[in-house]
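My entries follow the structure.

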Amino acid sequence: MPLSSCVAGLTAILIVCGAHGQNVQREAFDAAPGTALAELPAPPGWTGTWMADAELTTPVANDLLVTAGSLHSPALESIGHTPGGHRFEVEAGRKVQIWRGLQAPIDWSTDSTRYISALIRWSGNHPSGASRVFLQLGNNQTRIGLGNSGEARNSLRLQIQNRTSKARVLGETDYTAGETYLLIAKVVTQARGQDHIHLAVFTPDDKLSEQEPQWQLTASITRNDAPATRLGIESQLYLPGRTFAIDEIALFDTWADFAAATSEP
């Protein structure tokens, strides 16, 4: 079962975990360690490489590199998926905000469902105000930001982040530094009516199945019909000794796509 300590909210970075269905857009940092993110080719479903601005006009700095080793997730392995490639890791003292464009923008003005997932890991303790990390999905003006803004100790918290307003904290749950978590979110939009987001967090002891999990958090989100055209990673680690790693970022259309993962890429 997913984390039982979740409360009515959860600020986990909404990061994306990869599956191998046909309708999956996946970033597994599948390049030799030390490769600059600016040199990574676009996997299927993405456009260009990682860029340093939301307008997708400036390449990221050449010293943002692929880090050796993928993050380990028994939850993913329980459905037959062994993460490949490597990971992206950020050390303390570095502010990073990078973006990659979506080949097909997500139309949030219709009745639709889209899942996003990822593997994440923090190292070191988490004193108040010590970090700000988000996975963002949206456009220049409005984004769903899933992450941890560092206002609570040792917690993952789900926030809905809007560029024009303060992020709204929906809740939080404890986490253990140094462990890898699988975060999966389901965004449900409607042509008319309220949009919603559902979230589940999986620890190294949890398993997945062909059935959707029992979502730990369900919350309404501000309706916005502007299409999502890009995905971003934002990281600011203020104190020494901390790192943040992300791997297996993915977007997928159905749970069946996700559960159809195999051990072969």
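Which residues are linked with Arg-87 in a network of salt bridges? I found Glu-89 and Arg-121 linked with Arg-87 in this network; a salt bridge is a side-chain nitrogen of Lys or Arg within 4 Å of a carboxyl oxygen of Asp or Glu.

I note that this is a predicted model, in which local features need pLDDT of at least 70, side-chain atom pairs count only at pLDDT 80 or more, and totals for chains, interfaces and linings use all residues. Residues are numbered from 1 along each chain as its sequence is written, and side-chain values use heavy atoms, with hydrogens and water left out.

**Salt bridges.** I recorded six in the structure. Between Glu-89 and Arg-87 the closest N and O atoms are 2.8 Å apart. Arg-87 is buried at 13% relative accessible area (buried is under 20%, exposed over 50%, partly exposed in between, with a 1.4 Å probe and protein chains only).

I then looked up Asp-253 and Arg-114, which meet at 3.0 Å, N to O. Because Asp-253 lies in the loop between β15 and α2 (255–259) and Arg-114 in strand β6 (residues 112–123), the pair ties together parts 139 residues apart in sequence. Helices (H or I, at least four residues) and strands (E, at least two) are DSSP runs, numbered from the N terminus.

**Backbone.** I noted a positive phi for two residues that are not glycine: Phe-29, near 50°, and Glu-248, about 55°. Phe-29 lies in the loop between β1 (24–27) and β2 (46–51), and Glu-248 in strand β15 (residues 243–252).
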